[in-house]
Amino acid sequence: MNSLHDEIQAVRALYPVSRSATLPALRLAQERYGWLSPEAFRDVAEALDETPAYCMAVASFYDMYHLKPVGRHLVEVCTNISCALVGAQQVLEAFESELGVRAGETTEDGEVTLRTVECAGGCGWGTVVAVNHRYRERLSAGDVPAIVQELRGEASNAG
Amino acid sequence: MPAEQFVVLAGAEAGPLTRLADYRAAGGFEALAKARTMEPAQVVQEILDSGLRGRGGAFFPTGRKASFLAQDTGKPTYLVVNADESEPGTFKDREIMFTVPHRLIEGCLITAHGIGCDRVFIYIRGEYLHEFEVIKAALEEVHGADLLGGVTIVLHRGAGAYICGEETALLESLEGKRGQPRTKPPFPAVAGLYASPSLINNVETIATVPKIIELGAKQYAKIGVPPDSSGTRVFSLSGNVVNGGNYELPMGVTLRELIYDVGGGIPNARQLKAVIPGGSSVPVLTADQIDVSLDATSMAEAGSMLGSGAIIVIDDRCCMVQLGLRVAQFYMHESCGKCTPCREGTRWMVQILESIEAGTADQGDLDLLLDVCDRILGKCLCPLGDAAAMPVASYIAKFRAEFQEHLESGCPMHGESSLENVLAPVDQHTHDPVAQVPA
């Protein structure tokens with residue numbers, strides 16, 4: 001595997017101005033560390049000749065960067081209008097009860113983080129849930145136990 | 001039943017057209033070859049003559065926008081594709097990207113030829129992982145087939161921020177900054193990306209360009225409702241409707257035809273209550289207004305807008321105060337914080353709507369809510385604040401009795417509304433700990 005530094009340099013070369021690589025560099029660092037830890041910010045800053053504070057100022061603007069540790073799996077339930085009109089809250093509550101956490105929290109074993117998100121862009125096929133950034137569409141509360149089981153299964157296999 | 005007409009989605013009637021060979025078999029890249037035999041100015045003239053207007057929501061004439069580009073500046077000219085689709089209710093650009101990715105690329109190359117640009121950036125919303133992969137694969141195929149003609153196309157992924165769909169915020173984000181809108185002027189056509197002349201167009205707009213070149217401007221302009229609403233729209237249909245999805249139809253189809261004939265009507269034998277016709281930021285229409293034609297002029301006459309072409313159907317189980325609250329929560333979450341009326345106003349709107357829904361508000365609070373909307377409208381650098389104030393003010397105007405009922409005797413839905421207690425990300429994020437600044 002290439003070093004994070006090398007990966008960032010490759011992305012940096014795509015732009016006439018190196019600062020443009022800030023968002024992709026933060027994404028690469030997050031993929032490496034699981035979240036944007038102080039080390040991750042330091043690495044990105046060094047690779048782009050920015051300061052860690054600048055990188056953090058940028059990262060804190062965007063929802064997809066994690067400024068605190070998250071679970072190995074990420075479950076994001078869209079609760080914007082179109083999904084909410086067709087039962088997103090019931091889907092969310094099913095996840096809360098299956099996982100034993102509230103939206104915004106991570107399971108005690110550190111495996112799954114559950115959160116609500118704003119419009120995911122699958123409005124006609126609601127409820128939309130992104131499981132590790134892959135969209136599952138037309139979900140209802142009844143679909144939730146199987147998804148949680150799938151994630152738990154992967155968790156025990158990995159362990 | 002109104003017939004679908006495929007311009008943007010042509011060739012994908014039976015399913016995604018994601019392989020270059022299949023796209024070429026369907027006539028793909030013939031328009032590019034034709035365009036490259038034309039003078040650049042002639043390409044822009046065709047786009048101008050076609051009547052094409054921006055499909056992101058602002059509906060600005062695309063050819064005119066291109067004609068504003070500053071010439072002979074000694075700087076490169078950039079084409080930036082806005083693929084940061086995030087307006088609630090809208091999912092058409094996503095469908096275009098995963099079904100006809102090569103058409104988007106072909107549109108980029110034709111437009112790049114027209115404006116004399118050799119570097120294109122596609123800013124794709126960060127959540128669209130599958131679409132990113134599809135476009136990336138298509139781009140590799142196009143590169144392999146030697147079709148780029150010296151143009152570099154860079155795919156740039158966003159990271160979760162609605163505001164980056166606003167063109168100057170998008171440019172800031174593409175430059176590696178927080179996505180906060182810029183003051184205009186200067187307009188991007190003069191000083192955009194890296195302070196160079198830049199043309200920024202929506203995915204659907206760019207994906208329409210190949211067909212304009214193929215058919216010729218005159219022929220394309222006849223589709224829909226010329227002269228102001230020529231062409232098709234990929235309408236996103238969602239909410240309480242049987243067949244949600246994206247449907248490409250000529251402008252001029254009525255809202256009733258779209259909801260009932262194409263969309264199959266309202267499920268569960270419910271009654272239609274309201275329709276949001278152009279994404280969550282536009283004024284609402286009532287059930288008795290659905291014979292309106294979906295074109296710019298008719299929509300303006302009806303007091304709303306076609307916006308992004310996203311139609312959200314709302315049945316009679318929905319409480320309009322809760323709808324207003326959920327819309328306001330979204331815009332509060334997405335306000336970038338730069339302009340005070342938007343940053344503070346959206347928060348006030350949420351607080352007042354919460355108290356109206358809880359039955360603890362009085363007449364003065366409802367007046368205050370309208371006053372807050374009025375103090376946001378037109379008073380910020382970008383339209384995000386307006387996008388919160390306009391729809392909420394329209395819910396009050398059109399459903400005044402329901403709002404009054406809340407003040408007098410609480411929510412008339414008695415806990416049975418379809419939007420009851422929906423948890424918005426603004427509420428969930430309240431307890432986020434603050435991250436440590438590295439040593």
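This is a predicted model: local features need pLDDT of at least 70, side-chain atom pairs count only at pLDDT 80 or more; totals for chains, interfaces and linings use all residues.

Biologist: What makes B:Phe59 partly exposed?

Modeller: Buried needs 20 or more other C-beta atoms within 10 Å, and exposed needs 12 or fewer. B:Phe59 has 18 C-beta neighbours inside 10 Å, so it counts as partly exposed. Its place is the loop between helix H3 (40-50) and helix H4 (62-67) of chain B.

Biologist: Why is B:Ala195 called partly exposed?

Modeller: Because 13 other C-beta atoms lie within 10 Å of B:Ala195, and the class runs between the cut-offs of 12 and 20. B:Ala195 sits in the loop between helix H9 (188-191) and strand S4 (198-202) of chain B.

Biologist: What is the phi of each of these two residues?

Modeller: B:Phe59 has a positive phi near 60°. For B:Ala195 phi is also positive, about 60°. Most residues other than glycine have a negative phi.

Biologist: Which peptide bonds are cis, and what is omega there?

Modeller: One joins A:Gly126 and A:Thr127, with omega about -5°. A:Thr127 lies in the loop between S2 and S3 of chain A. Another joins B:Pro226 and B:Pro227, with omega about 5°. B:Pro227 is in the loop between strand S5 (224-225) and strand S6 (229-230) of chain B. Most peptide bonds are trans.

Biologist: Why do strands S2 and S4 of chain A stand at the edges?

Modeller: The open sheet has 4 strands in the order S2-S1-S3-S4 (chain A), with mixed pairing. S2 (112-117) and S4 (134-136) each have a single partner strand, so one side of each is left without a neighbour in the sheet.

Biologist: How do you know that S1 and S2 of chain A pair?

Modeller: Pairing takes at least two bridges. S1 (residues 73-78) and S2 of chain A pair in the parallel sense over 6 bridges. In one of them, A:Val77 is the partner of A:Thr116 in S2(A).

Biologist: What lies across S1, S2 and S3 of chain A?

Modeller: Helix H6 (residues 88-99) of chain A does, running at about 155° to S1(A).

Biologist: How many residues of chain B are in contact with chain A?

Modeller: 59 residues of chain B are in contact with 51 residues of chain A. H14(B) gives the most to that side of chain B, with 6 residues. By class, the side has 27 nonpolar, 23 polar and 9 charged residues.

Definitions and conventions:
Residues are numbered from 1 along each chain as its sequence is written. Chains are lettered from A and ligands numbered from 1 in the order in which they are written. Helices (H or I, at least four residues) and strands (E, at least two) are DSSP runs, numbered from the N terminus. Two residues are in contact if their C-beta atoms, placed from the backbone, lie within 7 Å. Axes are lines fitted to C-alpha atoms, for helices over the stretch in contact, and angles run from 0 to 180 degrees between N-to-C directions. Ala, Val, Leu, Ile, Met, Phe, Trp, Tyr, Cys and Pro count as nonpolar, Asp, Glu, Lys and Arg as charged, and the others, Gly among them, as polar.
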